[in-house]
Amino acid sequence: MNILKGDFSAEGYKLGLNDATNGNKPNKKGVKYHWEMFKKGFRILNHNQAMKTFSQGYETGFTDGLRKREGLYGNKKESELLNQKTNTITMSSNPENLQKQIELLNSFDNFLSNIQTNLNNVNANYSNLINELYESGLVSEYANKLKDDNHASFQSQIAKVNQWISENDKKYAKKVIGQVQDAL
Amino acid sequence: MPSNHLKKNITMNTNIEYQIELLEKLIRELDFFSTQVAETTNKYQKYISVLENNGLFTNAINRLTDEYYINTKARLNEVVNQVQNKDIPDAKDLIRRLEKIKVSMEQ
(Lines give C-alpha, C1' and ligand atoms only; values in the text may rest on other atoms or scores of the structure.)
Protein backbone atom coordinates (compact mmCIF):
# COMPACT_ATOMS: atom_id res chain seq x y z
CA MET A 1 0.00 0.00 0.00
CA ASN A 2 1.24 3.43 -0.79
CA ILE A 3 -0.86 5.73 1.36
CA LEU A 4 1.21 8.81 0.63
CA LYS A 5 0.51 8.49 -3.08
CA GLY A 6 -3.13 7.56 -2.41
CA ASP A 7 -2.62 4.25 -4.23
CA PHE A 8 -4.85 1.52 -2.82
CA SER A 9 -4.84 -0.69 -5.92
CA ALA A 10 -3.03 -3.55 -4.16
CA GLU A 11 -5.71 -3.70 -1.44
CA GLY A 12 -8.50 -3.62 -4.03
CA TYR A 13 -6.74 -6.31 -6.04
CA LYS A 14 -6.58 -8.74 -3.11
CA LEU A 15 -10.29 -8.31 -2.36
CA GLY A 16 -11.26 -8.65 -6.04
CA LEU A 17 -9.20 -11.79 -6.41
CA ASN A 18 -10.75 -13.21 -3.28
CA ASP A 19 -14.33 -12.39 -4.39
CA ALA A 20 -13.88 -14.01 -7.79
CA THR A 21 -12.15 -17.15 -6.53
CA ASN A 22 -14.93 -17.55 -3.96
CA GLY A 23 -17.54 -17.29 -6.70
CA ASN A 24 -19.01 -13.96 -5.57
CA LYS A 25 -20.79 -11.87 -8.19
CA PRO A 26 -19.01 -8.90 -9.74
CA ASN A 27 -20.86 -5.65 -9.16
CA LYS A 28 -20.17 -2.06 -8.35
CA LYS A 29 -21.97 -2.45 -5.05
CA GLY A 30 -19.38 -5.09 -4.11
CA VAL A 31 -16.53 -2.68 -4.76
CA LYS A 32 -18.31 0.13 -2.94
CA TYR A 33 -19.02 -2.08 0.04
CA HIS A 34 -15.40 -3.18 0.26
CA TRP A 35 -14.26 0.41 -0.05
CA GLU A 36 -16.58 1.65 2.70
CA MET A 37 -15.34 -1.08 5.04
CA PHE A 38 -11.72 -0.59 4.08
CA LYS A 39 -11.51 3.19 4.41
CA LYS A 40 -12.72 3.10 8.00
CA GLY A 41 -9.23 2.03 9.04
CA PHE A 42 -7.51 5.02 7.42
CA ARG A 43 -7.59 8.75 7.21
CA ILE A 44 -7.84 9.10 3.45
CA LEU A 45 -6.17 12.25 2.20
CA ASN A 46 -7.01 12.11 -1.49
CA HIS A 47 -10.36 10.36 -1.48
CA ASN A 48 -11.13 10.37 -5.22
CA GLN A 49 -7.71 9.11 -6.23
CA ALA A 50 -7.73 6.51 -3.45
CA MET A 51 -11.16 5.16 -4.39
CA LYS A 52 -10.24 5.15 -8.08
CA THR A 53 -7.08 3.08 -7.53
CA PHE A 54 -8.93 0.78 -5.12
CA SER A 55 -11.69 0.15 -7.72
CA GLN A 56 -9.18 -0.42 -10.52
CA GLY A 57 -7.25 -2.87 -8.34
CA TYR A 58 -10.49 -4.64 -7.42
CA GLU A 59 -11.48 -5.07 -11.08
CA THR A 60 -8.05 -6.39 -12.06
CA GLY A 61 -8.11 -8.78 -9.10
CA PHE A 62 -11.60 -9.93 -9.99
CA THR A 63 -10.55 -10.67 -13.58
CA ASP A 64 -7.53 -12.65 -12.39
CA GLY A 65 -9.73 -14.47 -9.90
CA LEU A 66 -12.15 -15.51 -12.64
CA ARG A 67 -9.28 -16.79 -14.74
CA LYS A 68 -7.99 -18.65 -11.72
CA ARG A 69 -11.35 -20.33 -11.18
CA GLU A 70 -11.72 -21.26 -14.83
CA GLY A 71 -8.11 -22.16 -15.51
CA LEU A 72 -7.07 -23.88 -12.35
CA TYR A 73 -10.08 -25.59 -11.04
CA GLY A 74 -11.30 -26.83 -14.42
CA ASN A 75 -14.86 -27.54 -15.31
CA LYS A 76 -17.51 -29.18 -13.20
CA LYS A 77 -17.25 -32.49 -15.02
CA GLU A 78 -13.51 -32.68 -14.42
CA SER A 79 -13.91 -31.75 -10.79
CA GLU A 80 -16.56 -34.43 -10.29
CA LEU A 81 -14.37 -37.04 -11.94
CA LEU A 82 -11.39 -36.22 -9.76
CA ASN A 83 -13.35 -36.08 -6.55
CA GLN A 84 -15.37 -39.26 -6.92
CA LYS A 85 -14.64 -41.73 -4.18
CA THR A 86 -13.46 -45.19 -5.14
CA ASN A 87 -13.68 -48.08 -2.75
CA THR A 88 -10.49 -49.95 -3.49
CA ILE A 89 -8.45 -51.01 -6.48
CA THR A 90 -11.07 -53.08 -8.25
CA MET A 91 -10.65 -55.52 -11.07
CA SER A 92 -9.43 -53.57 -14.08
CA SER A 93 -11.10 -56.03 -16.47
CA ASN A 94 -14.55 -55.11 -15.16
CA PRO A 95 -16.27 -53.40 -18.19
CA GLU A 96 -17.82 -50.72 -16.02
CA ASN A 97 -14.44 -49.98 -14.53
CA LEU A 98 -12.78 -49.91 -17.93
CA GLN A 99 -15.37 -47.38 -19.13
CA LYS A 100 -14.57 -45.23 -16.11
CA GLN A 101 -10.85 -45.47 -16.90
CA ILE A 102 -11.52 -44.33 -20.49
CA GLU A 103 -13.61 -41.44 -19.22
CA LEU A 104 -10.82 -40.43 -16.83
CA LEU A 105 -8.14 -40.78 -19.50
CA ASN A 106 -10.14 -38.61 -21.91
CA SER A 107 -10.54 -36.02 -19.17
CA PHE A 108 -6.78 -36.26 -18.52
CA ASP A 109 -6.12 -35.68 -22.23
CA ASN A 110 -8.36 -32.56 -22.14
CA PHE A 111 -6.52 -31.39 -19.05
CA LEU A 112 -3.23 -31.68 -20.97
CA SER A 113 -4.71 -29.62 -23.82
CA ASN A 114 -5.82 -27.01 -21.29
CA ILE A 115 -2.28 -26.76 -19.95
CA GLN A 116 -1.09 -25.99 -23.49
CA THR A 117 -3.85 -23.42 -24.02
CA ASN A 118 -3.00 -21.71 -20.73
CA LEU A 119 0.70 -21.60 -21.62
CA ASN A 120 -0.11 -20.05 -24.99
CA ASN A 121 -2.40 -17.50 -23.33
CA VAL A 122 0.28 -16.40 -20.86
CA ASN A 123 2.77 -16.11 -23.70
CA ALA A 124 0.32 -14.00 -25.75
CA ASN A 125 -0.38 -11.73 -22.76
CA TYR A 126 3.36 -11.30 -22.19
CA SER A 127 3.84 -10.40 -25.85
CA ASN A 128 0.89 -7.96 -25.86
CA LEU A 129 2.19 -6.13 -22.80
CA ILE A 130 5.59 -5.69 -24.43
CA ASN A 131 3.94 -4.34 -27.58
CA GLU A 132 1.98 -1.87 -25.44
CA LEU A 133 5.24 -0.81 -23.79
CA TYR A 134 6.76 -0.19 -27.22
CA GLU A 135 3.73 1.82 -28.29
CA SER A 136 3.84 3.88 -25.11
CA GLY A 137 7.33 5.03 -26.08
CA LEU A 138 9.42 3.03 -23.62
CA VAL A 139 13.12 3.69 -24.17
CA SER A 140 14.11 1.30 -26.96
CA GLU A 141 17.08 -0.07 -25.01
CA TYR A 142 14.70 -1.27 -22.27
CA ALA A 143 11.96 -2.42 -24.64
CA ASN A 144 14.39 -4.39 -26.81
CA LYS A 145 15.80 -6.19 -23.80
CA LEU A 146 12.32 -7.19 -22.65
CA LYS A 147 11.44 -8.42 -26.12
CA ASP A 148 14.67 -10.01 -27.37
CA ASP A 149 15.98 -11.37 -24.10
CA ASN A 150 13.19 -11.98 -21.57
CA HIS A 151 10.19 -12.70 -23.74
CA ALA A 152 12.12 -14.51 -26.49
CA SER A 153 13.51 -16.93 -23.92
CA PHE A 154 10.11 -17.38 -22.26
CA GLN A 155 8.44 -18.00 -25.61
CA SER A 156 11.06 -20.57 -26.57
CA GLN A 157 10.62 -22.43 -23.28
CA ILE A 158 6.83 -22.42 -23.63
CA ALA A 159 7.11 -23.83 -27.16
CA LYS A 160 9.37 -26.62 -25.91
CA VAL A 161 7.01 -27.56 -23.07
CA ASN A 162 4.04 -27.59 -25.44
CA GLN A 163 5.92 -29.74 -27.91
CA TRP A 164 6.95 -32.11 -25.13
CA ILE A 165 3.35 -32.46 -23.91
CA SER A 166 2.06 -33.13 -27.45
CA GLU A 167 4.75 -35.66 -28.33
CA ASN A 168 4.87 -37.44 -25.00
CA ASP A 169 2.12 -37.00 -22.40
CA LYS A 170 -0.78 -36.66 -24.85
CA LYS A 171 0.56 -39.33 -27.16
CA TYR A 172 0.89 -41.78 -24.28
CA ALA A 173 -2.55 -40.91 -22.89
CA LYS A 174 -4.07 -41.73 -26.29
CA LYS A 175 -2.10 -44.97 -26.48
CA VAL A 176 -3.39 -46.06 -23.06
CA ILE A 177 -6.97 -45.12 -24.06
CA GLY A 178 -6.55 -47.47 -27.04
CA GLN A 179 -5.21 -50.25 -24.84
CA VAL A 180 -8.10 -49.94 -22.37
CA GLN A 181 -10.61 -49.87 -25.25
CA ASP A 182 -9.06 -53.05 -26.62
CA ALA A 183 -9.58 -54.70 -23.25
CA LEU A 184 -13.30 -53.89 -23.26
CA MET B 1 0.33 28.87 -20.41
CA PRO B 2 2.92 26.12 -20.06
CA SER B 3 6.02 26.28 -22.19
CA ASN B 4 6.66 23.59 -24.80
CA HIS B 5 9.35 22.14 -22.57
CA LEU B 6 6.90 21.79 -19.68
CA LYS B 7 4.23 20.31 -21.95
CA LYS B 8 6.73 17.72 -23.17
CA ASN B 9 7.67 16.86 -19.58
CA ILE B 10 4.02 16.39 -18.60
CA THR B 11 3.45 14.06 -21.58
CA MET B 12 6.57 12.02 -20.82
CA ASN B 13 5.60 11.81 -17.17
CA THR B 14 2.17 10.45 -18.06
CA ASN B 15 3.79 7.90 -20.36
CA ILE B 16 6.17 6.77 -17.63
CA GLU B 17 3.28 6.28 -15.22
CA TYR B 18 1.51 4.19 -17.86
CA GLN B 19 4.68 2.19 -18.53
CA ILE B 20 5.03 1.46 -14.81
CA GLU B 21 1.39 0.29 -14.76
CA LEU B 22 2.09 -2.03 -17.69
CA LEU B 23 5.17 -3.47 -16.00
CA GLU B 24 3.21 -4.03 -12.79
CA LYS B 25 0.59 -5.82 -14.87
CA LEU B 26 3.31 -7.98 -16.40
CA ILE B 27 4.61 -8.89 -12.93
CA ARG B 28 1.09 -9.87 -11.82
CA GLU B 29 0.64 -11.93 -14.97
CA LEU B 30 3.91 -13.79 -14.38
CA ASP B 31 3.21 -14.33 -10.70
CA PHE B 32 -0.20 -15.70 -11.61
CA PHE B 33 1.47 -18.03 -14.10
CA SER B 34 3.76 -19.40 -11.36
CA THR B 35 0.76 -20.15 -9.14
CA GLN B 36 -0.99 -21.75 -12.07
CA VAL B 37 1.94 -24.10 -12.72
CA ALA B 38 1.97 -25.27 -9.10
CA GLU B 39 -1.77 -25.99 -9.27
CA THR B 40 -1.37 -27.72 -12.62
CA THR B 41 1.30 -30.14 -11.42
CA ASN B 42 -0.80 -30.96 -8.35
CA LYS B 43 -3.74 -31.71 -10.58
CA TYR B 44 -1.60 -33.89 -12.85
CA GLN B 45 -0.60 -35.93 -9.82
CA LYS B 46 -4.21 -36.19 -8.74
CA TYR B 47 -5.21 -37.59 -12.13
CA ILE B 48 -2.60 -40.34 -11.81
CA SER B 49 -3.78 -41.13 -8.31
CA VAL B 50 -7.46 -41.34 -9.37
CA LEU B 51 -6.55 -43.49 -12.38
CA GLU B 52 -4.63 -45.81 -10.08
CA ASN B 53 -7.56 -46.01 -7.67
CA ASN B 54 -9.79 -46.91 -10.60
CA GLY B 55 -7.60 -49.86 -11.47
CA LEU B 56 -5.62 -48.61 -14.47
CA PHE B 57 -2.91 -51.16 -15.21
CA THR B 58 0.32 -50.77 -13.23
CA ASN B 59 2.64 -50.32 -16.19
CA ALA B 60 0.68 -47.26 -17.35
CA ILE B 61 0.62 -45.77 -13.85
CA ASN B 62 4.36 -46.24 -13.52
CA ARG B 63 5.13 -44.64 -16.87
CA LEU B 64 2.77 -41.74 -16.26
CA THR B 65 4.43 -41.13 -12.89
CA ASP B 66 8.11 -41.79 -13.57
CA GLU B 67 8.37 -40.62 -17.14
CA TYR B 68 5.69 -38.10 -18.08
CA TYR B 69 4.69 -36.42 -14.82
CA ILE B 70 8.27 -35.94 -13.64
CA ASN B 71 9.52 -34.61 -16.97
CA THR B 72 6.60 -32.29 -17.60
CA LYS B 73 6.80 -30.93 -14.05
CA ALA B 74 10.55 -30.31 -14.46
CA ARG B 75 10.01 -28.46 -17.74
CA LEU B 76 7.24 -26.31 -16.33
CA ASN B 77 9.36 -25.52 -13.27
CA GLU B 78 12.21 -24.41 -15.53
CA VAL B 79 9.91 -21.77 -17.00
CA VAL B 80 8.79 -20.72 -13.52
CA ASN B 81 12.43 -20.41 -12.46
CA GLN B 82 13.14 -18.09 -15.36
CA VAL B 83 10.07 -16.03 -14.53
CA GLN B 84 10.86 -15.76 -10.81
CA ASN B 85 14.64 -15.34 -11.09
CA LYS B 86 14.90 -13.23 -14.22
CA ASP B 87 11.72 -11.81 -15.74
CA ILE B 88 10.07 -10.50 -12.57
CA PRO B 89 13.31 -9.06 -11.07
CA ASP B 90 14.11 -7.42 -14.44
CA ALA B 91 10.64 -5.87 -14.62
CA LYS B 92 10.98 -4.60 -11.04
CA ASP B 93 14.39 -3.17 -11.85
CA LEU B 94 12.93 -1.39 -14.85
CA ILE B 95 10.15 0.06 -12.69
CA ARG B 96 12.79 1.46 -10.32
CA ARG B 97 14.65 3.05 -13.24
CA LEU B 98 11.47 4.60 -14.60
CA GLU B 99 10.56 5.94 -11.17
CA LYS B 100 13.98 7.59 -10.94
CA ILE B 101 13.49 9.20 -14.35
CA LYS B 102 10.05 10.39 -13.26
CA VAL B 103 11.41 11.94 -10.06
CA SER B 104 14.22 13.69 -11.94
CA MET B 105 11.69 15.15 -14.39
CA GLU B 106 9.51 16.44 -11.58
CA GLN B 107 12.42 18.33 -9.97
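Predicted model: local features only at pLDDT ≥ 70, side-chain atom pairs only at ≥ 80, totals over all residues.
## Chain B

Chain B holds 2 helices and 0 strands. It has 107 residues, of which 25% count as buried.

Contacts within chain B were also sorted by separation in sequence. Taking those between residues at least 6 apart, 85% join residues at least 24 apart.

## The side of chain B that touches chain A

Between the two chains, 37 residues of chain B are in contact with 40 residues of chain A. On the chain B side, helix H1 (4-53) and helix H2 (58-106) each supply at least two residues. The largest share comes from H1(B), with 19 residues.

By class, this side of chain B is made up of 15 nonpolar, 12 charged and 10 polar residues.

## A:Tyr126

A:Tyr126 is part of helix H5 of chain A, which spans residues 95-135. A:Tyr126 counts as buried because it has 23 C-beta neighbours inside 10 Å, and the cut-off for a buried residue is 20 or more.

Beyond its neighbours within four places in sequence, A:Tyr126 is in contact with residues of both chains: A:His151 and A:Phe154 in chain A, and B:Leu26 and B:Glu29 in chain B.

A:Tyr126 and A:Ile115 are separated by 11 residues in sequence, and their C-alpha atoms are 17 Å apart in space.

Terms used: Residues numbered from 1 in each chain as written. Chains lettered and ligands numbered in written order. Contact = placed C-beta atoms within 7 Å. Helix = DSSP H or I, 4+ residues; strand = E, 2+ residues; numbered from the N terminus. Nonpolar A, V, L, I, M, F, W, Y, C, P; charged D, E, K, R; others polar. Buried ≥ 20, exposed ≤ 12 C-beta atoms within 10 Å, placed from the backbone.
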